[in-house]
Amino acid sequence: HALWVRGSNLRQLCAQAVSIVGSRAASNYGSHAARLISAGLIDHHWTIISGGAFGIDSAAHRGALAAGGLTLAVMATGVDKTYPAGHHGLRNQIQASGAVITELAPGTHPLRASFLGRNRLIAALGSGAVVVEAGARSGARNTISWAAELGRVTMAVPGPVTSSLSVTPHHLIRESMATLITSAADVTALL
């Protein structure tokens, strides 16, 4: 029914935005790929949207911030809460130049269902969604499903064939549910 926003103008942030999601238990490869793609998109004036979690989410946010760009964190809590608590500093950096948003009332603590709602918002706010590393059962897969249902461009970064974190990206690519991308240039070409 409502969005709570702390930070910059949401309409301006989402005018040219892309979502980057993936595993909380990201590998060095996945974190590096998320940072590179995020920073490259900043060079083309895209806002980066993610969920503020550990792993790929934080790598995407940090890549955007390091490149001097804008990023938006969609929270699974009330706007006055930080989850995970260890990301208080990152949340403040995001809020200072971009925004932190949620559809949950202030004071709300995270519940399992909150993350699924957050995934829907992450998918809806961007023109496209990129998944970087995700296991077979993953919230990132849920985000990509929402993006596809909402008519957004869906993309996936391939990973090592020996990694369980490559299962979802490889499945999405194989089943033509997402386009294989390896760089920010690939993303901008598709969007």
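Biologist: Which residues line the second largest cavity?

Modeller: The lining is Arg24, Gly51, Ala53, Met75, Ala76, Tyr83, Pro84, Phe115 and Arg118. A lining residue has an atom within 4 Å of a point of the space. This is a predicted model, in which local features need pLDDT of at least 70, side-chain atom pairs count only at pLDDT 80 or more, and totals for chains, interfaces and linings use all residues. Residues are numbered from 1 along each chain as its sequence is written, and side-chain values use heavy atoms, with hydrogens and water left out.

Biologist: Why is this called a cavity, and what is its volume?

Modeller: On a 1 Å grid over the protein atoms alone, a cavity is a set of points where a 1.4 Å probe fits but cannot get out. The second largest cavity holds about 30 Å³. A volume is the space filled by probe spheres set on the points, which are joined across faces, edges and corners. By this rule there are two cavities of 30 Å³ or more.

Biologist: How do you know the classes of the residues that line the second largest cavity?

Modeller: Ala, Val, Leu, Ile, Met, Phe, Trp, Tyr, Cys and Pro count as nonpolar; Asp, Glu, Lys and Arg as charged; the others, Gly among them, as polar. By that rule, its lining has six nonpolar, one polar and two charged residues.

Biologist: What lines the largest cavity, and which helix gives the largest share?

Modeller: Gly52, Ala73, Met75, Thr82, Tyr83, His87, Leu90, Arg91 and Ile94 do. Helix 4 (residues 88–97) gives the largest share, three residues. Helices (H or I, at least four residues) and strands (E, at least two) are DSSP runs, numbered from the N terminus. The space is about 50 Å³. Its lining counts five nonpolar, three polar and one charged residues.

Biologist: Why is Ser58 called buried?

Modeller: Its relative accessibility is 9%. Buried means under 20% relative accessible area, exposed over 50%, and partly exposed in between (1.4 Å probe, protein chains only). So Ser58, at 9%, counts as buried. Ser58 sits in helix 3 (residues 56–66). Beyond residues up to four places away in sequence, Ser58 touches Ala53, His87 and Leu90. Contact here means heavy atoms within 4.5 Å.

Biologist: Why is helix 3 described as largely enclosed?

Modeller: Eight of its 11 residues are buried, so the rest of the structure largely encloses helix 3. They are Ile56, Asp57, Ser58, Ala59, Ala60, His61, Gly63 and Ala64.

Biologist: How do you know how helix 2 and helix 3 are placed against each other?

Modeller: Two packed helices are described by the angle between their axes and the distance between the axes. The axes of helix 2 (residues 28–43) and helix 3 come within 7 Å and cross at roughly 35°. Axes are lines fitted to C-alpha atoms, for helices over the stretch in contact, and angles run from 0 to 180 degrees between N-to-C directions. Gly30, Ser31, Ala34, Arg35, Ser38, Ala39 and Ile42 of helix 2 meet Ile56, Ala59, Ala60, Gly63 and Ala64 of helix 3. That contact has seven nonpolar, four polar and one charged residues.

Biologist: What makes His45 and Glu133 stand out, and is each buried or exposed?

Modeller: Most residues other than glycine have a negative phi, and most peptide bonds are trans. His45 is not a glycine, yet its phi is positive, about 65°. Glu133 is not a glycine either, with a positive phi of about 60°. At 68% relative accessible area, His45 is exposed. Glu133, at 3%, is buried. His45 lies in the loop between helix 2 and strand 3 (47–50). Glu133 lies in the loop between strand 6 (128–132) and helix 6.

Biologist: What is the omega of the bond joining Tyr83 and Pro84?

Modeller: Omega is about 0°, and the peptide bond is cis. Pro84 lies in the loop between strand 4 (71–74) and helix 4.

Methods: On a 1 Å grid over the protein atoms alone, a cavity is a set of points where a 1.4 Å probe fits but cannot get out, and a pocket is an open set with protein on both sides within 12 Å along at least five of seven lines; lining residues have an atom within 4 Å of a point.
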